[in-house]
Each structure stands twice: as C-alpha cells, then as structure tokens.
Amino acid sequence: MALAVARKDLRGELRGRELLPALAQFVVLALIIANFAFDLDLVSGPRLSPGILWLVLVFAGLVAFGRAFATEKESGSLEAMLLTPAGPASIFAGKALASAALLVACEAVLLPSMAVFLGSPISVAVVATVLLATGGMATLGCLFAALAAQTRARELLLPVLALPIWVPFVVVGGRAVQAAMTGQSLAALPLSGQPLVILADFDILFLVVASLAARFVLDD
Amino acid sequence: MTENRRLYVLTAVALGGMLVAAGMIFLYAPQDALQGPVQRIFYLHVSSAIAAYACFALVVAGGVAYLWKGSLRSDRLARAAAAVGLVFTTNAFVMGMIWAKPIWNWDPSKTWDARVTSTAVLWVVYAGYLLVRRFATPGRQAMRLAAVVGIVGFADVPIVHFSVQWWRTLHPGRVIDAPGGPALPPEMLLAFMVTMLAVLLLAGTLVAVRYRIEARRDALEERAVAAQLKLAASPGSR
C-alpha cells in the first residue's frame with residue numbers, strides 16, 4: 001500500500017516535473033549565495049562546506065516535505081485517499097518514501113555541485129551519512145507536513161515544528177560529515193565511534209514514533 | 001469554598017513559599033567558596049528547570065489521555081501546562097545566562113552544551129505547540145494535532161540531549177543525585193529542597209489558574225453556540 005502511494009506521488013512528479021527542477025535550482029542558488037556570503041577561498045571553503053551542506057539540505061527538505069501534503073490538500077484529494085483501503089499509516093509511509101526519494105535526487109545535485117563549486121571532498125562516508133539522515137528527516141518532516149497542512153499557516157508551521165526535531169540529525173550528521181570531509185576516519189570519533197549506527201537508530205526510532213502518530217494526524 | 005477562593009488561598013500559599021525560599025537562599029545557605037554569590041542562582045535556576053520539565057510532562061500526559069479517551073479536561077490541562085512550562089523554561093534560561101556570564105564568559109563552545117541545547121529545543125517545540133493551537137481549526141482538530149506535537153516533541157528532548165552529550169558537553173555534572181550521595185553541604189541541600197518545593201507549588205498554582213481561565217473560556221464559547229442554536233430554533237427567525 002505504502003509503495004502504491006509512493007509510486008503515485010513519484011509518477012506525478014515525473015510527469016509534471018514541478019518540484020525537482022525547482023529544488024535543483026534552489027540547491028545551486030543556495031551554493032552560489034553561500035559562496036558570496038561566506039566569501040569562500042581555498043582555506044575556508046573546505047572548512048565551511050559541512051555547515052553549508054546541512055543548511056542547504058535542511059531547507060531543501062522543508063520545501064520538499066511541505067509540498068508532499070500541500071498538493072493533496074490543494075486539490076482536496078487527501079480525503080479521497082483516506083477513503084481508499086490504504087489507511088493513514090501507509091499513506092503517510094508512502095508520502096515519506098516519495099519525498100525522501102525527491103530529497104535524495106536533490107542530494108544527487110547538491111553533493112556533486114559542492115565538489116565542483118566549493119571543492120568539498122565527497123566520500124562514501126559523506127554520502128552514507130547524508131542518506132541515513134535523509135531517511136529520518138523525511139519521516140519526521142512528513143509527519144509535521146501532514147499536521148501543518150491541516151492548519152491555516154502551513155508554510156509557517158512546518159519549519160517551526162520540524163527544525164527543532166531535526167536537531168539530532170544535524171548534530172550527529174554534522175559531526176560525521178565534518179570528520180569525513182577533513183579526512184578523519186569515522187571510527188576515530190569520540191564515543192559515538194559509529195555516527196552511522198546512531199543515525200540508523202534515530203531513523204528506526206522516529207519511524208516507529210511517526211507511524212504511531214500518523215493515525216492521529218491524518219484521521220479526521 | 002468557591003473555586004475562585006480556593007485559587008486565592010493557593011496563590012497566597014505559593015507566594016509565602018517563595019518568600020521562605022528567598023530567605024533560605026539569601027540568609028540560610030552558605031556562600032560558595034569558588035563561585036561566590038553567583039552560585040545562589042543555582043537554587044532557582046535548577047528548580048525552574050525541574051518545574052518546566054514537570055509542566056511539559058503534564059502536557060504529554062494530557063495529550064496521551066486526550067488521544068486515548070478524548071476528554072476535554074485532559075486537553076485543557078495540557079493547554080494550561082504548556083504555557084506555564086514555557087514561562088519556567090524562559091526563567092531557567094535567563095537565570096542560566098546570568099550565571100554563565102561570569103562563569104563561562106559566553107564562549108560559544110561552552111554555551112551550546114547538551115543541557116542548554118535540549119532545553120532550547122524544548123522551548124521551541126512548545127512554542128510551536130502553542131502556535132499549532134493558534135493556527136489549527138479550533139476544537140477537536142486543534143486538540144488532536146497539538147497532542148501529537150506535544151508528545152513527539154517531548155520524545156525528541158532526550159535524543160537531542162544525548163546526541164550533544166556524546167559530541168561534547170560542559171554543563172556542571174550531576175550534583176544533587178550524584179553517585180555516592182549529594183555533593184552539597186547539608187545547608188545548601190535543604191535550601192535547594194525548600195526552593196524546589198516552593199517553585200513546584202508556584203508552578204502548580206499557575207497551572208491551576210490557567211486551567212480555570214481556559215475552562216471559563218470554553219464555557220463562554222459553549223454558551224455562545226447554545227445561544228445561536230436557540231436563536232435559530234425560535235419561531236419567527238430565519
């Protein structure tokens with residue numbers, strides 16, 4: 001069921017091509033702004049690029065997740081979807097899956113552009129960290145997007161609700177990317193040792209929390 | 001005794017408790033040898049933080065009860081506790097800043113430690129909670145959505161805490177519940193206990209007052225709806 005919902009969303013995006021080009025442009029523009037705002041050079045570029053990566057990712061995520069439920073709300077099709085046998089939890093999971101896929105596509109633009117524009121070293125560790133964080137951010141982001149879509153001020157509420165809840169991903173992911181980009185091995189980090197394992201734990205934890213909560217958010 | 005009178009009595013007791021706590025803090029407790037008078041902030045700072053956490057625990061309990069049973073009272077309790085919790089979080093923050101100015105001297109690597117970060121997240125989450133209440137359609141929908149935000153937000157706090165702690169932290173370690181007994185002289189411990197009880201009583205009083213206000217507001221709305229229904233049902237009106 002969840003897969004059917006995700007397939008529907010992605011098919012719509014592939015046919016309409018609305019969100020993805022806009023997101024890709026947003027990512028490139030954000031990098032250009034970062035380049036001038038931080039006045040990047042050979043020394044500061046690699047040092048600041050982990051921070052830039054997370055800033056761009058978080059805000060691109062807000063846009064992507066916000067649209068997932070806003071489009072349904074605008075065409076009034078969310079009620080119709082709730083009438084199908086899919087059920088709130090699988091609608092929610094499908095939406096999260098589809099918007100996670102969108103954000104991954106966005107990262108496929110972001111990481112190479114960072115390598116080109118800022119000279120950031122992109123390694124397997126960086127990609128793995130970003131992908132793991134995307135999963136958890138998508139689950140939580142879609143939960144709050146579904147919630148915010150039902151209120152009068154969804155564009156305003158989504159960042160206010162999602163950003164503080166994403167802090168753990170930025171804390172752990174930020175540290176891991178910083179280490180990976182400066183050439184440290186992830187295993188050398190204090191305690192955490194395995195930020196990837198911690199991120200995966202967060203993913204599972206929030207997936208459980210969000211799918212439990214989905215019933216109360218979507219059920220009207 | 002009417003409900004209002006009961007609230008007056010409760011308020012008076014809470015105020016008296018705070019005065020006693022002030023006496024304990026400034027007259028009874030000994031001066032800290034290293035930090036000097038600045039250390040006296042600790043009594044109110046930690047108590048406020050505990051009161052704030054207690055309030056947010058009430059929000060979670062009210063939210064869970066609401067989602068489970070759908071009772072309006074538990075939602076009203078959550079609503080009242082969220083506002084009071086936000087006040088006490090702000091209080092704990094401001095006092096922490098006043099303490100941190102001479103002790104940590106605003107070093108950003110120190111100010112963003114685990115406890116500060118997780119409390120900041122808590123503050124933002126419950127500010128968002130109140131915003132959801134404002135922007136959602138009033139009534140059942142607002143209650144349902146707010147309950148979800150309150151519960152998920154609270155669950156996030158320990159995670160934020162530990163993720164920063166594993167990263168790096170400089171907050172003073174455990175003092176009261178330190179392994180091997182409290183690391184405080186008995187006078188300080190007594191002053192702290194009295195202050196904590198007084199602050200918890202104050203927080204409880206504020207929640208009770210707030211609950212009363214919310215109950216009145218709900219009753220007012222009910223009356224307005226009932227009056228309109230009556231008007232619509234009366235003969236001669238269209």
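## Chain B at a glance

What pattern does chain B follow when read along the sequence? The answer is α-α-α-α-α-α-α, and the tally for chain B comes to seven helices and zero strands. Keep in mind that this is a predicted model.

Chain B has 238 residues, and 34% of them count as buried. As for how the chain folds back on itself, take the contacts in chain B between residues at least 6 apart in sequence: 79% of these join residues at least 24 apart.

## Where chain B touches chain A

How many residues does each chain bring to the contact? Chain A puts in 22 residues and chain B puts in 24 residues. On the chain B side, two helices each supply at least two residues: H5, spanning 114-135, and H6, spanning 140-167. H6(B) gives the largest share of that side, with 15 residues.

## B:Val149, a residue in H6

Now zoom in on a single position. B:Val149 sits in helix H6 of chain B. Is B:Val149 buried or exposed? B:Val149 is buried, because 31 other C-beta atoms lie within 10 Å, and the cut-off for that label is 20 or more.

Leave out the neighbours within four places in sequence, and B:Val149 has contacts in both chains. Over in chain A, B:Val149 is in contact with A:Leu147 and A:Leu161. Within chain B, the partners are B:Gly128, B:Tyr129 and B:Val132. For a sense of distance, take B:Arg216, which is 67 residues from B:Val149 along the chain: the two C-alpha atoms are separated by 25 Å.

## B:Gly17, a residue in H1

B:Gly17 belongs to helix H1 of chain B, which covers residues 3-28. Why does B:Gly17 count as partly exposed? B:Gly17 has 19 other C-beta atoms within 10 Å, and a residue needs 20 or more to be buried, so B:Gly17 falls in the partly exposed class.

Which residues does B:Gly17 contact, leaving aside neighbours within four places in sequence? They are B:Leu197, B:Ala198, B:Leu201 and B:Leu202. Back along the chain, B:Thr2 is 15 residues from B:Gly17, and their C-alpha atoms are separated by 23 Å.

Notes
Residues numbered from 1 in each chain as written. Chains lettered and ligands numbered in written order. Predicted model: local features only at pLDDT ≥ 70, side-chain atom pairs only at ≥ 80, totals over all residues. Contact = placed C-beta atoms within 7 Å. Helix = DSSP H or I, 4+ residues; strand = E, 2+ residues; numbered from the N terminus. Buried ≥ 20, exposed ≤ 12 C-beta atoms within 10 Å, placed from the backbone.
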